[in-house]
Amino acid sequence: MNEQTSSAGWPASVLVTGATSGIGLATALLLARQGRRVIGTARSQDKADALVRTARDQGLVLDAVVMDLIDPVSCREAVGRVAELTDGGPDALVANAGIPLTGAITDVSEDRIREVMEVNVVGTLRMCSLVLPAMRERGRGRIVTVSSAAARIPAPMNGWYSASKHALSAATHSLRMEVRRYGVQVVLVEPGTVATPFWDRAQEDLSGLTTGDADAGVHDRAARLFSRIQRSAGGPQPVARTIARALRVQRPRRRYTVGVDAHLGTALQCAAPLWLSDHAKSRLFALHAPADTAPAPARITQTNGS
């Protein structure tokens with residue numbers, strides 16, 4: 001599809017969820033640098049104040065509102081404050097906020113499962129629903145949801161996170177078709193691996209697991225893999241630039257996949273038979289032998305900081 005630049009200055013106002021770190025922070029700062037009226041959400045007043053200071057230190061101006069994505073009341077109140085700042089509601093929403101969850105499917109507590117689904121799926125779609133009435137009334141609007149390549153590349157020790165992002169991707173595709181007739185465009189962004197604080201929490205999830213000795217090698221292997229990924233991944237700027245592009249062009253793509261690993265991984269996942277994909281991933285995570293005879297996983301060496 002040929003992309004054409006949208007009318008100058010639109011969207012004038014953009015609400016960015018999860019704007020205090022990682023992709024959200026990079027996106028909020030980039031959009032502010034481009035002259036947009038940016039309102040970022042933060043989970044606490046301290047984080048909101050830090051976001052405003054970070055922007056000010058770079059000569060930028062943006063606003064921040066406190067919001068807990070899990071709390072419906074907090075979401076409604078935050079959107080109400082944004083409406084006051086933007087003369088009725090933002091022109092665009094970047095639904096970026098999300099959390100990781102690592103561990104085997106049977107390792108993870110139901111409380112953590114509910115949390116990741118509430119944040120990554122229910123809360124994100126709630127925000128879409130809250131900003132849509134003003135967009136429909138104007139006859140114009142844009143929503144960008146930030147999913148993950150993991151939605152299409154399931155792997156051991158990452159199943160619940162992949163499930164949440166797969167659900168978000170599917171819902172985004174449905175939402176796009178449902179609201180197009182109101183003049184609202186919905187875009188899905190699927191980043192590959194990005195070096196953000198996300199991976200620190202993933203490591204914490206693994207270190208908190210208390211399963212038996214038979215799984216210790218698997219957890220150790222996964223922790224080293226995730227650590228290597230974190231050190232070798234690039235920063236969030238390419239994703240931020242893609243989001244800015246999806247907002248800027250008149251005819252955005254329905255889905256943007258960001259990163260060589262995301263493009264290659266999704267292509268291989270689709271092309272390879274499942275038995276081959278399962279085998280490769282099982283060996284990578286030391287899951288290829290019976291639990292009681294599984295050899296100690298080989299140590300992953302680091303070279304040149306990668």
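**Helix H8.** I started with helix H8, residues 237–248, in this predicted model. At 1.5 Å a residue, its 12 residues should span 16 Å, and I found the end C-alpha atoms 16 Å apart, so the two agree.

Next I looked up which residues of H8 are buried. My list reads Val239, Ala240, Thr242, Ile243, Ala244, Ala246 and Leu247. Then I asked what covers them. The cover includes helix H1 (22–33). It also includes strands S1 (13–16), S4 (92–95), S5 (141–146), S6 (184–191) and S7 (255–258).

**Salt bridges.** I moved on to charged pairs. Side chains of opposite charge can pair when their charged atoms come close. The count here is eight salt bridges, and I followed up a few.

Arg114 pairs with Glu110, N to O at 3.1 Å. Both sit in helix H4 (residues 110–138), four residues apart, about one turn of the helix. Arg114 also forms a salt bridge with Asp111, where the closest N and O atoms are 3.6 Å apart. Asp111 and Arg114 are three residues apart in H4, so about one helical turn separates them. I noted Arg114 and Glu110 as exposed, and Asp111 is exposed too. Put together, Glu110, Asp111 and Arg114 are linked in a network of salt bridges.

**Across the chain.** Arg152 forms a salt bridge with Glu190, with the closest N and O atoms 2.9 Å apart. This pair links distant parts of the chain, 38 residues apart: Arg152 is in the loop between S5 and helix H5 (159–179), and Glu190 is in strand S6. Is Glu190 buried or exposed? I found it buried, with a relative accessible area of 0%. Arg152 comes out partly exposed, at 25%.

Conventions: Residues are numbered from 1 along each chain as its sequence is written. This is a predicted model: local features need pLDDT of at least 70, side-chain atom pairs count only at pLDDT 80 or more; totals for chains, interfaces and linings use all residues. Side-chain values use heavy atoms; hydrogens and water are left out. Helices (H or I, at least four residues) and strands (E, at least two) are DSSP runs, numbered from the N terminus. The expected span of a helix is 1.5 Å times one less than its number of residues. Buried means under 20% relative accessible area, exposed over 50%, partly exposed in between (1.4 Å probe, protein chains only). Contact means heavy atoms within 4.5 Å. A salt bridge is a side-chain nitrogen of Lys or Arg within 4 Å of a carboxyl oxygen of Asp or Glu.
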